[in-house]
Amino acid sequence: MLIASVVTMVAFLAWLTVARLPWVTGVVLVALTLVAVASITLAAAQPRAAVEARLLLFLGVAVTLLAAGEMQRRKLGDTGDDDRARRRWPYRIAVGLALFVALACIPAAAWDFNDDGFVPSAQELGPLPGGLALRGAGGDSECGTGRCAVSYALVGGPGESAEEVARRIWGHLASRGWPQPDGGRSCRPVGWLLDTRETCVEISTADGAARLTLEGGRPYRRFAGASKPR
């Protein structure tokens, strides 16, 4: 919300440097407000759409300012008699920066972070059920091609077997929206459309001890394909 408010306010102040028709300024104010509301609503309705919400914000601001500038120019006529010509640069800079962020920075960032792995936080699991705990500070982490992983010992209550611990933690994760495990593994997306990375949980019960591994990065199939020799 803060970013949307600041960006739209700066854009409106930049518009005021070239504004000559009050009704066009009113249209700009309403349009920028709608753009900010749309961006905030998207981020609230789809928490994984942070990248897309910012893209909508900057692209909407740029389109609004460009359309308003063209509308005003046509209404006034291209007479060359603009008493505010010397103050056009803030408006042009605002449009240029908004377009640059929307069309260059955000797509470039999306491409970059889709290619990098990350170490997920144990907070992804939420508060664990009573009697369950993760042991280890998460220092046992490693990164490979497009993915990173960190492992923890998963400890249950007294006398609780590793299989019982695994069943309890899977039930807990399902209650928090995680997909049902497939082969001891469950994955869910990090982003929405542009951020295609995923976070995965894997639980093993080898040697009578439960161990939980968190992975973050490219979708597994893409990662596995990238690992094949050519």
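Predicted model: local features only at pLDDT ≥ 70, side-chain atom pairs only at ≥ 80, totals over all residues.
Of the 230 residues in the chain, 38% are buried. Among the contacts with a separation of 6 or more, 64% are accounted for by residues 24 or more positions apart.

Helix packing is considered next, with helix 3 as the point of reference. Two packed helices are described by the angle between their axes and the distance between the axes. For helix 1 (residues 2-16) and helix 3 (residues 50-76), the angle is about 15° and the axes are 11 Å apart. Because angles under 35 degrees count as roughly parallel, helix 1 and helix 3 are therefore described as roughly parallel to each other. The crossing in which helix 1 passes helix 3 is right-handed. On the side of helix 1, the contact is formed by Ile3, Ala4, Val7, Thr8, Ala11 and Trp15, which meet Arg54, Leu57, Phe58, Val61, Leu65, Ala68, Gly69 and Gln72 of helix 3. Sorted by class, the residues of this contact between helix 1 and helix 3 comprise 10 nonpolar, three polar and one charged.

Helix 2 (22-45) also packs against helix 3, here at an angle of about 170° and with the two axes 9 Å apart. Since angles over 145 degrees count as roughly antiparallel, helix 2 and helix 3 are therefore roughly antiparallel to each other. The crossing of helix 2 and helix 3 is right-handed, and the contact between helix 2 and helix 3 has, by class, 17 nonpolar, four polar and three charged residues.

A further pairing involves helix 3 and helix 4 (residues 89-114), whose axes come within 9 Å and cross at roughly 155°. By the cut-off of 145 degrees, helix 3 and helix 4 are therefore likewise roughly antiparallel to each other, and helix 3 passes helix 4 in a left-handed crossing. From helix 3, the residues Val51, Arg54, Leu55, Phe58, Leu59, Val61, Ala62, Leu65, Leu66 and Gly69 take part, and they meet Tyr91, Ala94, Val95, Ala98, Leu99, Val101, Ala102, Leu103, Ile106 and Phe113 from helix 4. The residues of this contact between helix 3 and helix 4 divide into 18 nonpolar, one polar and one charged.

Two residues of helix 3 illustrate these arrangements in more detail. Valine 61, which is placed in helix 3, has a relative accessibility of 2% and therefore counts as buried. When residues up to four places away in sequence are not counted, valine 61 touches Val7, Thr8, Ala11, Leu32, Val35 and Ala98; of these, Val7, Thr8 and Ala11 belong to helix 1, whereas Ala98 belongs to helix 4. Valine 61 and alanine 4 are 57 residues apart in sequence, and their C-alpha atoms are 10.0 Å apart in space.

Alanine 68 likewise has its place in helix 3 and, with a relative accessible area of 6%, is buried.

Two loop residues complete the description. Threonine 17 is found in the loop between helix 1 and helix 2, where, at 14% relative accessibility, threonine 17 counts as buried. A polar atom of the side chain of threonine 17 lies 2.5 Å from the backbone oxygen of alanine 14.

Aspartate 207 lies in the loop between strand 5 (198-204) and strand 6 (210-217). With a relative accessible area of 81%, aspartate 207 is exposed, in contrast to threonine 17, which counts as buried. Most residues other than glycine have a negative phi. Aspartate 207, although not a glycine, has a positive phi of about 60°.

Key:
Residues numbered from 1 in each chain as written. Heavy atoms only, no water. Axes fitted to C-alpha atoms, helices over the stretch in contact; angles between N-to-C directions. Helix = DSSP H or I, 4+ residues; strand = E, 2+ residues; numbered from the N terminus. Parallel < 35°, antiparallel > 145°, perpendicular 65-115°, else oblique. Left-handed = near helix turned anticlockwise from the far one by under 90°. Contact = heavy atoms within 4.5 Å. Nonpolar A, V, L, I, M, F, W, Y, C, P; charged D, E, K, R; others polar. Buried < 20%, exposed > 50% of the residue type's maximum accessible area, 1.4 Å probe, protein only. Polar contact = N/O pair within 3.5 Å; in protein donor to acceptor, adjacent residues only side chain to side chain.
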